[in-house]
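Please examine the sequence and the structure shown below. The paragraphs that follow discuss how some of the parts are arranged.

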Amino acid sequence: MKNIGHRISSHGLDNHGLGNVGNAYWNLSAPQLYTESLARKEGLLAQGGALVTVTGQHTGRSPHDRFVVEEATAKDEIWWGEVNRPISEENFERLLDKMLGHLQGRDVFVQDCYAGADETYRLPVRIVTEEAWHNLFARNMFLQPDDKELPGLKPLWTVLQAPSLEADPAQDGTTSGTFIVVHMGLKTVLVGGSGYAGEIKKSIFSVMNFLLPPRDVLPMHCSANIGPEGNSAIFFGLSGTGKTTLSADSARTLIGDDEHGWSPNGIFNFEGGCYAKTINLTREAEPEIFDTTRTFGSIIENVVMDSDSRELDFFDTTLTENGRVSYSIEQIPNASETGSGGHPANIMMLTCDAFGVLPPISKLSPDQAMYHFLSGYTAKVAGTERGLKEPQATFSTCFGAPFMPRHPTVYAKLLGEKMAKHGSSCWLVNTGWSGGGFGVGDRMKIQHTRALVNAALDGVLESASFTEDPNFGVLVPDACPGVPSEVLNPRNTWKDRDAYDAQAKALTKLFEDNFKQFESDVTDSVKAAAIKAAA
């Protein structure tokens, strides 16, 4: 084995059982990783300098292939089920042996970095990959230590990733050839059979979501920013709800776009970069994100590119609707230098309601906030998944169920406590449809959503008059600057009011049915705040 690079840690690869690899490339810079990636034909350069890659079969996460090892240190604290599927220690050891054997004689790329901007809670991690571009992804998405720290840096967690290695389901206890396996006791993650880079970052953030609650830190799948007066805000939301778009506001300082912690000190970013969706991306609508797609150091995943001009087509979904751009947060002109902020004055819970019945913005009581946090509602629209013909309600607890190893009420309890202690206001924001559901109405105008969000963040809506929505029990503002008043009440935007009433009734029933799983674990006040299906 030959170690290459001038940022080599004294904590060698033999500590992970990797003693017989080919060349080990340590903590290479972005230009060096570009050079290696292009030489190995892993990607192509786009107009402007971004590295364009295609991940093959997997263009998104593989939730059914993610496992947590059922072992003594974590067994009694994991929320077992569809989200956290158990796998035996014996199967983990078999997969680990396969991984170590697979990497023997192969070149590997090593990136030592941190997860967590707050030094009190940050986690030193090591990412070992068989391709250079995945190591560049890790360099973008995690926090970089100073060069002087690297020689003595000892990782507490390790990710071993090899897309070309597949499991044998019959032998290894997996559901397919793809596997993402987390061992809390050995502090190791194995990723195989998938080239989708998001598996790397999400596995470590799932680890953070397990480690932090006992330390009075609420881990959150959210974006966050800071206003000119220093007032922080967080934006919860599932993929496609506008979490990244709405937090990337030139008038506010961006803390981060995906994963944060809320500690006794305030909020802090888990990441050093962003991983934004690119579908239908334009400079006019999202200038900060668009510009990163034409910048050296960015990685473009699964976006069609013209072979001659090397121009990217963000409207072509031939490869996937989940095209992505990974970039260092430093590429955003108004990004926070510290990756942290004070306790949030406002909490935005974003939902993309494809049924078109939720108000575009509404104020939640603390108990309603906990209820909607546990519900985590959004809706998938027709055409985004194979066989999906009609909008489909999706409930992902804590707005990030796939990344929450503990029971959801652990996180909801922390949210309620922190909101009460710091007096945070909470708003439910519908970025989905108005005037009818998908196929009938129109997607909420981004200009209207931004005006509503800004009015909440700036305190304008605090002094507004409100009307309680008869179906969902939330408080809807009667007026907002820059937004037509008829838009605020969704029923008024439908031509067929009876159709609205029927659809709203149907959605309240879905909310009621979903929440039954949590009723025995929440307080009476949260149960009283729950949405009840109309008779």
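Is the crossing of H8 and H9 left-handed or right-handed? The crossing of H8 and H9 is right-handed, that is, the near helix is turned clockwise from the far one by less than a right angle. The model is predicted, and local features need pLDDT of at least 70, side-chain atom pairs count only at pLDDT 80 or more, and totals for chains, interfaces and linings use all residues. Residues are numbered from 1 along each chain as its sequence is written, and side-chain values use heavy atoms, with hydrogens and water left out.

Helices (H or I, at least four residues) and strands (E, at least two) are DSSP runs, numbered from the N terminus. Helix H8 (residues 366-375) packs against helix H9 (residues 408-422) at an angle of about 150°, and their axes are 10 Å apart. Axes are lines fitted to C-alpha atoms, for helices over the stretch in contact, and angles run from 0 to 180 degrees between N-to-C directions. H8 is therefore roughly antiparallel to H9, a term for angles over 145 degrees.

A second pair consists of helix H1 (residues 30-39) and helix H3 (residues 132-141), which pack at an angle of about 160° with axes 8 Å apart. H1 and H3 are therefore roughly antiparallel to each other. H1 passes H3 in a left-handed crossing, with the near helix turned anticlockwise.

Finally, five strands form an open sheet with mixed pairing, in the order E3-E4-E18-E21-E17; two strands pair if DSSP finds at least two bridges between them. The edge strands, E3 (44-45) and E17 (273-277), each pair on one side only. E17 runs antiparallel to strand E21 (residues 324-328), and five bridges join them.

Methods:
Angles under 35 degrees count as roughly parallel, over 145 as roughly antiparallel, 65 to 115 as roughly perpendicular and the rest as oblique.
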